[in-house]
Amino acid sequence: MNVSRYRRCCAVAILPDEQPVFSLDNLLAGGTGIEFESRLLVRAAHLDEPVVLTAAACMFLLQSSAEHWRAFPEEPEALALVLMLQDAGLLITEQGEPVAARCADQRVRDGHWWALSAIHHRHSRWLGVDSAGEMVKNRLVTAQDLVQQLGKPPAEAPARMAGAIPLPRIAPDAVAELLAGRTTCRNYALDRSLPLAMLAGMLQNVLMAQAQVETEPGVRFLKKNVPSAGSLHPLEAYVIARDVDGLSPGIYHYHAIAHELGRQAAQPDDLDALCLRLLSGQHWFASAHAMVVLVCRFGRNFWKYRNHAKAYRAVTLDVGHVSQALYTAATVQGLGAFVTAAINESEIEGLLGFDPMVEGALAVCGFGWRADTMVTAELDPAGRVWASADRA
């Protein structure tokens with residue numbers, strides 16, 4: 001027996017779950033043949049997969065302290081529970097085996113995560129999901145498919161208020177024209193490369209540090225053209241160059257202060273295949289000339305907002321700011337752009353050796369030349385991008 005002491009992992013949630021199972025008895029009794037099997041799923045911030053436990057095991061786990069080390073019990077039934085929960089990675093030993101769970105749990109503790117955000121982040125990540133294929137399989141591709149399968153959505157806007165004050169409509173200016181020209185691109189040209197200078201300009205305008213302030217020795221804050229909670233700018237950009245003049249295809253880290261691209265030592269054997277897996281089968285995005293994987297260094301944000309209920313929300317707002325700025329910068333250059341959170345984060349995290357609770361991929365943006373014809377449908381009802389004659 002391991003004589004080390006134990007404690008509970010730091011961030012854990014127990015969720016009741018019901019799975020449909022076939023029942024012949026139910027069917028013969030005139031029912032639908034479907035019954036529901038109840039189980040308790042335990043999700044921890046340091047584990048990739050949920051653990052199924054009995055109610056007794058869950059109660060023992062919840063009664064175990066996450067802060068105080070306890071000696072292994074001598075009573076056989078309690079000892080068996082401790083050993084089982086230790087093997088599942090939910091009880092952490094002070095020393096000895098298993099090492100992996102203890103180190104992973106400690107990284108979550110050191111990251112100053114708010115527990116519910118940590119669990120959400122860990123377990124909302126994807127691995128091996130083909131979201132595009134699932135859309136086709138479940139007949140959820142077109143708007144007509146969605147209505148047929150799901151019914152009508154909530155109204156596009158709330159009811160108008162009586163006595164509301166009508167606002168004047170101003171003549172479109174340059175900003176209005178620029179914003180109106182933004183349409184998510186799902187059709188990229190395969191016969192035209194993106195100039196390196198254009199990629200550099202996009203990164204300079206959106207992600208480069210325009211200035212930095214050293215408030216005290218070794219403590220620096222960046223000024224960028226996008227806002228960030230606490231001016232902390234925890235997002236790092238990993239550029240996937242597919243078809244950029246002057247760049248070998250591959251994955252690069254963008255250094256926001258030096259304004260340079262560092263080619264990563266780890267590179268996929270097949271870059272296009274990686275892009276398709278990373279984008280969960282969204283082939284209409286996978287052919288973009290360049291992509292930017294937005295990866296958060298959580299410790300930068302949580303240094304200030306430690307164990308804060310709003311910290312993770314602030315990080316996702318940062319992603320939104322960057323993606324919108326990239327959209328705008330792409331539109332200025334006559335490029336198409338996209339952003340998606342439907343990604344298999346584990347593809348890039350595994351390749352680059354990230355612990356997702358320390359450095360986590362949150363979204364992928366991309367841009368490039370728009371194709372001459374629309375093969376995959378794009379939402380452009382105002383016809384600002386596609387003329388009817390250009391549609392395939």
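Analyst: Helices (H or I, at least four residues) and strands (E, at least two) are DSSP runs, numbered from the N terminus. Read in this way, the chain has 14 helices and 13 strands. This is a predicted model, in which local features need pLDDT of at least 70 and side-chain atom pairs count only at pLDDT 80 or more, while totals for chains, interfaces and linings use all residues. Residues are numbered from 1 along each chain as its sequence is written, and side-chain values use heavy atoms, with hydrogens and water left out.

User: What share of the 392 residues in the chain is buried?

Analyst: Buried means under 20% relative accessible area, exposed over 50%, and partly exposed in between (1.4 Å probe, protein chains only). Buried residues make up 43% of the 392 residues here. The accessible areas themselves come from the Shrake-Rupley method with a 1.4 Å probe, and for residues only the protein chains shown count as cover. The chain exposes about 21,500 Å², of which carbon and sulfur atoms supply 56%, and its C-alpha atoms fill a box of roughly 75 × 70 × 55 Å along the principal axes.

User: How should I read contacts, and what do the buried residues of H5 pack against?

Analyst: Contact means heavy atoms within 4.5 Å. Among contacts between residues at least 6 apart in sequence, 69% join residues at least 24 apart. In helix H5 (residues 115–123), the buried residues are Ser-117, Ala-118, Ile-119, His-121, Arg-122 and His-123, and the elements against which they pack include S2, S3, helix H4 (99–110) and helix H13 (311–332).

User: How many salt bridges are there, and which residue meets Arg-109 in one?

Analyst: A salt bridge is a side-chain nitrogen of Lys or Arg within 4 Å of a carboxyl oxygen of Asp or Glu, and by this rule the count comes to 14. Arg-109 meets Asp-105 at 2.7 Å, N to O; because the two are four residues apart in helix H4, they are separated by about one helical turn. Arg-109 counts as buried at 17% relative accessibility, and Asp-105 is buried with a relative accessible area of 2%.

User: Which salt bridge involves Asp-355, and where does that residue lie?

Analyst: The side chain of Asp-355 meets that of Arg-107 at 2.2 Å, N to O. Asp-355 lies in the loop between helix H14 (345–352) and S13, and Arg-107 in helix H4, so the pair ties together parts that are 248 residues apart in sequence. Asp-355 counts as buried at 16% relative accessibility, whereas Arg-107, at 36%, counts as partly exposed.

Glu-177 and Arg-384 also form a salt bridge (2.6 Å, N to O). This pair links distant parts of the chain, with Glu-177 in helix H8 (residues 174–180) and Arg-384 in the segment after S13, 207 residues apart.

User: What should I make of Arg-8, and which side chain of opposite charge is nearest?

Analyst: Arg-8, found in strand S1 (residues 6–8), is buried yet has no salt bridge, and the nearest side chain of opposite charge, Glu-67, is 7.1 Å away. A polar atom of the Arg-8 side chain does, however, lie 3.0 Å from the backbone oxygen of Ser-64. Leaving aside neighbours within four places in sequence, the contacts of Arg-8 include Leu-61, Ser-64, Leu-90 and Arg-109.

User: Which residues deserve a look for their backbone angles, and where is the cis peptide bond?

Analyst: Most residues other than glycine have a negative phi, and most peptide bonds are trans. Here the bond from Glu-97 to Pro-98 is cis, with omega near -5 degrees, and Pro-98 is found in the loop between strand S5 (91–93) and H4. His-112, which is not a glycine, has a positive phi of about 60 degrees and lies in the loop between H4 and H5. His-233 also has a positive phi, near 45 degrees, and its place is in the loop between strand S7 (219–223) and strand S8 (235–241). His-112 counts as partly exposed at 23% relative accessibility, whereas His-233 is buried, with a relative accessible area of 10%.

Key
Lys and Arg count as positive and Asp and Glu as negative; His and the chain ends are not counted. A polar contact is a pair of N or O atoms within 3.5 Å; within protein, one must be able to donate a hydrogen and the other to accept it, and residues adjacent in sequence count only if both atoms are side-chain atoms.
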